[in-house]
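Take a look at the sequence and the structure below. This report covers a helix first, then some strands.

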Amino acid sequence: SEFDFFAPRLRLKSADRSMTREFDVIAESNDYFFVVETKSTPNTEYISDFIKLIPQLDSWFPVIREKKLIPVFASLFISDELVRYLTKNNILAMATREDGMDIFNTEVLENLGIIL
């Protein structure tokens, strides 16, 4: 599927211009809106912060109301424990495997009703 919009390190001001936030990767296709949070050293606190952000995303990106949101947490390495935590919260876990990046919990796609 081709992206209609793709932006790494997107910096936005809130609608009332009181806050600025940086998003690691934002991508949009016809049906889906991807928000990717990347951390070099992932931990539960970073993931918890991402979980808290997800319900607020439509205030930053109103188009989310018309599309299926796919949250992704990415790092070079994600422990099995963190993959389980991400899975429980319906967030894709993406990390390096062999010669590239891979999703470690594809069942989340099914949980979200996503067909890519």
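## The two sides of helix α1

Turn to the face of α1 that points away from its buried side. The exposed residues E45 and K52 sit there. This comes from a predicted model.

Now take the other side. Helix α1 spans residues 44-53, and I47, F50 and L53 are buried in it. Seen down the axis of α1, its buried residues fall within an arc of 115°, so they line one face of the helix. An α-helix has 3.6 residues a turn, so residues three or four places apart point the same way.

## What covers the helix, and how it starts

Several elements cover the buried residues of α1. Among them are the strands β2 (20-28), β3 (32-38) and β4 (68-74). The helices α2 (57-60) and α3 (80-88) are also included.

Look at the start of α1 too. There, a side-chain oxygen of N43 comes to within 3.0 Å of the backbone nitrogen of E45. E45 is also one of the exposed residues on the face turned away from the buried side.

Strand β1 covers residues 5-13. It runs antiparallel to β2, and 8 bridges join the two. They form a hairpin with 6 residues between them. In that turn, R17 has a positive phi of about 65°.

β2 also runs antiparallel to β3, with 4 bridges joining them. This pair forms a hairpin with 3 residues between the strands.

Follow one residue across. A27 in β2 is the bridge partner of F6. In β3, the bridge partner of A27 is F34.

Key
Residues are numbered from 1 along each chain as its sequence is written. This is a predicted model: local features need pLDDT of at least 70, side-chain atom pairs count only at pLDDT 80 or more; totals for chains, interfaces and linings use all residues. Side-chain values use heavy atoms; hydrogens and water are left out. Buried means under 20% relative accessible area, exposed over 50%, partly exposed in between (1.4 Å probe, protein chains only). The arc is that of the directions from the helix axis to the C-beta atoms. Contact means heavy atoms within 4.5 Å. A polar contact is a pair of N or O atoms within 3.5 Å; within protein, one must be able to donate a hydrogen and the other to accept it, and residues adjacent in sequence count only if both atoms are side-chain atoms. Two strands pair if DSSP finds at least two bridges between them.
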